[in-house]
Protein chains: 2
Amino acid sequence: MIIDIHGHFTTGPAEIEDWRRRQLAAGAAGEALPDPTSIAVSDDDLREAVGSNQVARMDERGIDVTLISPRASRMGHHLGDGATSRDWARVCNHLISRIRDLFPGRFHAVAMLPQSPGVGLDESLAEIDRAHAEGGIVGVNVNPDPSGGHWTEPGLGEKYWYPLWEKLCDLQLPAMVHVSASAIPSVHAEGAFYLHADTTAFLQLASAPQVFTDFPDLKIVVPHGGGAVPYHWGRFRGLIQAQGGASLEERVFGNVFFDTCVYEPAGLAHLVRTIPTSSILFASETFGAVRGIDPVTGRAFDETLTVLRGLDLPEEDFAAITELNAKSVYPRIA
Amino acid sequence: MIIDIHGHFTTGPAEIEDWRRRQLAAGAAGEALPDPTSIAVSDDDLREAVGSNQVARMDERGIDVTLISPRASRMGHHLGDGATSRDWARVCNHLISRIRDLFPGRFHAVAMLPQSPGVGLDESLAEIDRAHAEGGIVGVNVNPDPSGGHWTEPGLGEKYWYPLWEKLCDLQLPAMVHVSASAIPSVHAEGAFYLHADTTAFLQLASAPQVFTDFPDLKIVVPHGGGAVPYHWGRFRGLIQAQGGASLEERVFGNVFFDTCVYEPAGLAHLVRTIPTSSILFASETFGAVRGIDPVTGRAFDETLTVLRGLDLPEEDFAAITELNAKSVYPRIA
């Protein structure tokens, strides 16, 4: 079984963005926010939007199951306020639940959180409970910088995040760290801010090993192949070594995982050579940041499964990366 | 001849940081700033500070010449104001000039610029002229984000930077894009902000190919192995392809170069395999972000020359990376 742990629902009907526009306009005008149940997306709309895109692509590529979450770049935690984010997360997560139910066996739901700069995590904890009760989620996306680039919240190594880590451990849910759109015009979201956030979040956690002592069952997934981390693995090993105490490997392995969303085949090969197999999870981020055909390979940029197959890994390593690690990091898949 | 194009003067006597402290304190108190000539560092101080560190290390490793610039993390463009930065750049650049003169044939001077958020580039242009007249510089470090993480200035693709590009082309000076300390406590400077800035600056330029049409002789060096770019080369190829027009390779090669400051040997091997030899410049960033001994290799993390030698490159490729490309990108070396 091939499990893709990083998919987003990015091919939805226009009504989703229309609803969000109405919501943000109402918030900006000081009017009552639209009710989260007022979004007009039918089951047929969802079947068509997902069946003709995500499911068709999965079938074509031999991906059995995708862990799907709301469109990351549209989480927009820096827009509106706590109430806007609360309702928008509920809308988006409910759509994900429905997709899971409409395509039995093909999807597991991963929730976005209703984060907003400066408002704390109470609404996020409540939304996890709500989504968990609503048919179940297998993980969440945690935004380490809901300000969209200004890093106004405490780093992930700070106690601020402990109630969230506690909730996630209680429910056996891993967290993928994933920012949303860039609020800074000169910083490209998918090309720069995403990778920066992956790198920064990784280093925040590696620099605060107490987190994984206090929460030994906490699982953190760093997407996009770990940002800049595996390429510069020696830089990070050296920076952590200079801090004294446990090595980088001792600090993070077992708790921190990288996905395989590296669209340069040689880069993906580097990831698999440099990071232990047990810390790598197959993913393609479909449909994500890069959707075209790579003229070098003649295949889609995000066809990472084909690249992985071409690496001629020992069978058990391939199975670990594409299936077994996912089942262990995301126990609720089972 | 082996030329290291990325060295910083990070082993200076305490008086340098003391002078800076006095300067920032005076600025904060609204008092007159200390005169740039008031710094008390003798030739003997400099000979000792550089001879026992940088030069000793160069001799040990077989590096003939280093392009040296002021300590990047202490440029502190987000501290003080335009006048503070003007004087501090003059102090730091003058020290670099003196080091070059004290060790004939071992160093070329690279200047920092007196940038400051919101003040424009006039002082930077003036400082380039001053440093150029004072014995010559072979390049400059340009900070794409003098705010220290908030990216308050226009992106490098904007016309805002044109007077600087014009000056650099006139004087045959390449620019290394290099930020300073992080003004955001949760964002690690050398582990996250540096790599983010490299990646962001690269994408700003790749997304604005007009810059290199308007300034065909402009040379930009992206340090730290290009940030996250070569690892995710396919991601960047795909993002640029989606913009239409010229390919990423057509847009940047010939104008944009990556240095070899990648402290994971397999990462450095990836760089050399992925990016054309003509676009790679040998560098170690000594003494820089990572100073310890790598327990995996038993060598210093920043001993990139040994790693390069171990790659068994064709002789002409090794010579291009370690010498010939530097002479072509930095014509004033000759």
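Me: Is Glu285(B) buried or exposed?
Reply: Buried. This is a predicted model, and in it Glu285(B) has a relative accessible area of 1%. The cut-off for buried is under 20%, so Glu285(B) qualifies.

Me: Where does Glu285(B) lie?
Reply: In chain B, in the loop between β8 and α11.

Me: What is phi of Glu285(B) near?
Reply: Near 60°. That is a positive value, and Glu285(B) is not a glycine.

Me: Why flag that?
Reply: Because most residues other than glycine have a negative phi.

Me: Which peptide bond is cis around Phe287(B)?
Reply: The one that joins Thr286(B) and Phe287(B). Its omega is about -20°. Phe287(B) is in the loop between β8 (280–281) and α11 (304–310) of chain B.

Me: And chain A, what is the peptide bond from Thr286(A) to Phe287(A)?
Reply: Cis, with omega near -20°. Phe287(A) sits in the loop between β8 (280–281) and α11 (304–310) of chain A.

Me: OK, Trp151(B). What is its phi near?
Reply: Near 50°, a positive value in a residue that is not glycine. Trp151(B) is in the loop between β4 (139–142) and α5 (162–170) of chain B.

Me: Buried or exposed, Trp151(B)?
Reply: Buried. Trp151(B) has a relative accessible area of 5%, and under 20% counts as buried.

Me: Switching to the interface. How many residues does the contact take from chain A and from chain B?
Reply: Chain A gives 54 residues and chain B gives 54 residues.

Me: What area is buried between chain A and chain B?
Reply: About 4200 Å². Carbon and sulfur atoms give 59% of that area.

Me: How many salt bridges across the interface of chain A and chain B?
Reply: Six.

Me: Which side chain does Glu285(A) meet in a salt bridge?
Reply: That of Arg235(B). The N to O distance is 3.3 Å.

Me: Next, α8(A). How many of its residues are buried?
Reply: Eight of 11, so helix α8 (residues 233–243) of chain A is mostly covered.

Me: Which ones in α8(A) are buried?
Reply: Trp233(A), Gly234(A), Arg235(A), Phe236(A), Arg237(A), Gly238(A), Leu239(A) and Ile240(A).

Me: What covers the buried residues of α8(A)?
Reply: Elements of both chains. From chain A, the cover includes α6 (189–206), α9 (248–252), β7 (256–259) and α10 (265–274). From chain B, it includes α6 (189–206).

Me: What follows α8(A)?
Reply: Gly244(A), with a positive phi near 80°.

Me: How do the residues of the lining divide?
Reply: The lining of the largest pocket has 10 nonpolar, six polar and five charged residues.

Me: Let's look at Pro34(B). Where does Pro34(B) lie?
Reply: In the loop between α1 and α2 (43–61) of chain B. Pro34(B) is buried, with a relative accessible area of 18%.

Me: What is Pro34(B) in contact with, leaving aside neighbours within four places in sequence?
Reply: Trp19(B), Gln23(B), Ala26(B) and Asp87(B).

Me: How far apart are Pro34(B) and Asn325(B), C-alpha to C-alpha?
Reply: 41 Å in space, and 291 residues in sequence.

Me: Last one, Asn93(A). What is it in contact with, beyond four places in sequence?
Reply: Pro70(A), Val110(A), Ala111(A), Met112(A), Glu127(A), Arg130(A) and Glu134(A). Asn93(A) is in helix α3 (residues 82–102) of chain A. At 3% relative accessibility, Asn93(A) falls under the 20% cut-off and so counts as buried.

Notes
Residues numbered from 1 in each chain as written. Chains lettered and ligands numbered in written order. Predicted model: local features only at pLDDT ≥ 70, side-chain atom pairs only at ≥ 80, totals over all residues. Heavy atoms only, no water. Nonpolar A, V, L, I, M, F, W, Y, C, P; charged D, E, K, R; others polar. Helix = DSSP H or I, 4+ residues; strand = E, 2+ residues; numbered from the N terminus. Buried < 20%, exposed > 50% of the residue type's maximum accessible area, 1.4 Å probe, protein only. Contact = heavy atoms within 4.5 Å. Buried area = accessible area lost by both parts, 1.4 Å probe. Salt bridge = Lys/Arg side-chain N within 4 Å of Asp/Glu carboxyl O.
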